[in-house]
Amino acid sequence: MMTEISLNILDIAQNSVSAHATLIEITVQIAQSLNLLQVEIKDNGCGMTEEEAVKAQDPFYTTRTTRKVGLGIPFFKQAALSCGGDFHMESEPGKGTKVYASFQLTHIDRMPLGDMNSTLYSLITFHPSIDFVYTYRVDDKSFVLDTREMRSLLHNVPLNNPEVTVFLKNFLMENHEEANEGIYF
């Protein structure tokens, strides 16, 4: 089992990359008054049939050829359900996939959210041709990182250019700190 929710998000987003997505939207919402942490990962990749989407939640099913088990989605589902949360996945061939998980924020078994800065930084810099929209919300504070907007401002400068990656890292760090107000989720 993964030790941080951010590692689960990274794994699910890597599935979206493998599904040839050109746009991956990741939303993390924390509502302290509702005792809720919600994660949604949505892509426009190749999608799955209803039967494949059900099988993807089985740890002994994978489309990979490198190993015989696929644990990312089953681990994420188990982590959410074991914390009094919810999990569901929608997918349609040719349209993409949406994965949703929620966790009781104060549940003793909830793993920490983890290092979302590194997760987003890795996804964007290792996949500079894919667009990402990242929305992070804690109660009434939020920010959005949209690489489509960055691309339009940067013209032909790639997102993995060293100066762009420094900006990206600082943007994520400063905005997470402001939204979190010193609380480690």
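Predicted model: local features only at pLDDT ≥ 70, side-chain atom pairs only at ≥ 80, totals over all residues.
**Entry: Ser82**

Is Ser82 buried, partly exposed or exposed? Its relative accessibility is 30%, so Ser82 counts as partly exposed. The cut-offs explain the label, because buried means under 20% and exposed means over 50%.

Next I looked up where Ser82 sits. Ser82 belongs to the loop between helix H3 (72–81) and strand S3 (86–92). I then listed its contacts, skipping residues up to four places away in sequence. Ser82 touches His107 and Asp109. I also checked Ser82 against Gln104. The two are 22 residues apart in sequence, and their C-alpha atoms are 9.5 Å apart in space.

**Entry: Ser102**

I turned to another serine. Ser102 is part of strand S4 (residues 96–104). Its relative accessibility is 5%, so Ser102 counts as buried. Leaving aside neighbours within four places in sequence, I found Ser102 in contact with Leu36, Leu37, Gln38, Ala80, Gly85 and Asp86.

I moved on to Phe103. Which residues does Phe103 contact, leaving aside its neighbours within four places in sequence? I noted Ile5, Asn35, Leu36, Leu37, Val39, Phe76, Ala79, Ala80, Cys83, Gly85 and Arg110.

Then I looked at the largest nonpolar core. This core has 47 residues. Phe76, Phe103, Tyr134 and Tyr136 touch the most other members. Helix H1 (residues 5–18) supplies the largest share of this core, five residues. I wrote a general reminder beside this. In soluble globular proteins, nonpolar side chains tend to be buried together.

Most residues other than glycine have a negative phi. I then looked up two residues with a positive value.

Asn35 is not a glycine, yet its phi is positive, about 55°. I placed Asn35 in the loop between strand S1 (23–31) and strand S2 (36–43). At 24% relative accessibility, Asn35 counts as partly exposed. Asn35 is also one of the contacts of Phe103.

Asp139 has a positive phi too, near 55°. I found Asp139 in the loop between strand S5 (131–138) and strand S6 (141–146). The relative accessible area of Asp139 is 36%, so Asp139 is partly exposed.

**Entry: H1 against H3**

I went on to helix pairs. The axes of H1 and H3 come within 9 Å and cross at roughly 145°. This crossing is left-handed. From H1, the contact uses Ile5, Asn8, Asp11, Ile12 and Asn15. From H3, it uses Gly72, Ile73, Phe75 and Phe76. I sorted these residues by class: five are nonpolar, three polar and one charged. Two names here were already in my notes. Ile5 and Phe76 are among the contacts of Phe103.

**Entry: H1 against H4**

How do the axes of H1 and H4 cross? They come within 9 Å and cross at roughly 15°. That makes H1 roughly parallel to H4, because angles under 35 degrees count as roughly parallel. The crossing of H1 and H4 is right-handed. H1 brings Ser6, Ile9, Leu10, Ala13 and Gln14 to the contact. H4 brings Met116, Thr119 and Leu123. By class, I noted five nonpolar residues, three polar ones and no charged ones.

**Entry: H4 against H6**

I kept H4 (residues 116–126) and paired it with helix H6 (residues 162–180). Their axes come within 10 Å and cross at roughly 150°. H4 and H6 are therefore roughly antiparallel to each other, because the label applies to angles over 145 degrees. The crossing is right-handed.

Which residues of H4 and H6 meet? On the H4 side I listed Met116, Asn117, Leu120, Tyr121, Ile124 and Thr125. On the H6 side I listed Thr165, Leu168, Lys169, Leu172, Met173 and His176. The contact has seven nonpolar, four polar and one charged residues. Met116 also takes part in the contact of H4 with H1.

**Entry: Val166**

My last stop was Val166 in helix H6. Its relative accessibility is 47%, so Val166 counts as partly exposed. I compared its position with that of Tyr121.

Terms used: Residues numbered from 1 in each chain as written. Heavy atoms only, no water. Axes fitted to C-alpha atoms, helices over the stretch in contact; angles between N-to-C directions. Helix = DSSP H or I, 4+ residues; strand = E, 2+ residues; numbered from the N terminus. Parallel < 35°, antiparallel > 145°, perpendicular 65-115°, else oblique. Left-handed = near helix turned anticlockwise from the far one by under 90°. Contact = heavy atoms within 4.5 Å. Nonpolar A, V, L, I, M, F, W, Y, C, P; charged D, E, K, R; others polar. Core = buried A, V, L, I, M, F, W, Y, C linked by side-chain atoms within 4.5 Å. Buried < 20%, exposed > 50% of the residue type's maximum accessible area, 1.4 Å probe, protein only.
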